[in-house]
Amino acid sequence: MFLLVNVLEQPEHLVAILEGFAQLGIKGSTVMNSTGMGRVLMTAGTAGPAMEEINRIIANGESSNKTIFTVVKEKEMLDKAIDVVKSFCGDLCEPGKGILFAIPLAFVDGLPQES
C-alpha cells in the first residue's frame, strides 16, 4: 500500500482530480487546507526576492492550497492516480504547480476489506 500526497496549488482542479480518483475506483481521500512556506513568509514580510517572484507567479486569490491524502493498495493504481493529477496540473516542476509524492505504508487499518 502507498500514501499518495498531492499539495495542490491549483485548487480549481480539486473536484476534477477527486472525480478522476473515483472513476479509478479509489473510494476515499482526505482533503485539508494547507499553506506553503512562500505564502507564510510573504504574509510575515520576510520573503526574499526569489520567494516573492514565486508567489507573484502563483498568486490566485486563494489563501491556501489543498492537500489530498489518498491510500492506494497497488502500485498500478498508484501510477494511474498520479496520471490523473498530472493530467490536470501538468508539469509539477514548474513554479505554482504543487508537489506530488508517494510513501510506502507498513501498516494501514480502517480501510474496508475487499470480499
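Against which strands and which helix do the buried residues of α1 pack? I put this to the structure first, keeping in mind that I am reading a predicted model.

**Entry 1: helix α1.** I looked up burial along α1, which spans residues 14-24, and found Leu 14, Ile 17, Gly 20 and Phe 21 to be buried. Looking down the axis of α1, I see that these buried residues fall within an arc of 130°, so they line one face of the helix. To answer my opening question, the buried residues of α1 pack against the strands β1 (2-8), β2 (30-34) and β3 (65-72), and against the helix α4 (75-89). I also checked the residue just after α1, and Gly 25 there takes a positive phi of about 100°.

**Entry 2: the sheet.** I then traced the strands and found that four of them form an open sheet in the order β2-β3-β1-β4, with antiparallel pairing. β2 and β4 (98-104) stand at the edges with a single partner strand each, so one side of each is left without a neighbour in the sheet. Neighbouring strands of this sheet are turned by 15° against each other on average, if direction is ignored. For the antiparallel pair β2 and β3 I recorded five bridges, and in β3 I found Ile 68 to be the bridge partner of Val 31.

**Entry 3: helices on the sheet.** I looked next at how the helices lie on the strands: α1 packs on the sheet, where it touches β1, β2 and β3, and its direction makes about 5° with that of β3. α4 also packs on the sheet, but touches β1, β3 and β4, and the direction of α4 makes about 5° with that of β1.

**Entry 4: α1 against α4.** How far apart are the axes of α1 and α4, and at what angle do the two helices pack? I read an axis separation of 9 Å and an angle of about 150°; α1 and α4 are therefore roughly antiparallel to each other, given that angles over 145 degrees count as such. The crossing in which α1 passes α4 is right-handed. From α1, the contact is made by Ala 16, Ile 17, Gly 20, Phe 21 and Leu 24, while α4 contributes Met 77, Lys 80, Ala 81, Val 84, Val 85, Phe 88 and Cys 89. I note that Ile 17, Gly 20 and Phe 21 are also among the buried residues of α1.

How values were computed:
Residues numbered from 1 in each chain as written. Predicted model: local features only at pLDDT ≥ 70, side-chain atom pairs only at ≥ 80, totals over all residues. Heavy atoms only, no water. Buried < 20%, exposed > 50% of the residue type's maximum accessible area, 1.4 Å probe, protein only. Helix = DSSP H or I, 4+ residues; strand = E, 2+ residues; numbered from the N terminus. Arc of directions from axis to C-beta. Contact = heavy atoms within 4.5 Å. Pairing = 2+ DSSP bridges. Axes fitted to C-alpha atoms, helices over the stretch in contact; angles between N-to-C directions. Parallel < 35°, antiparallel > 145°, perpendicular 65-115°, else oblique. Left-handed = near helix turned anticlockwise from the far one by under 90°.
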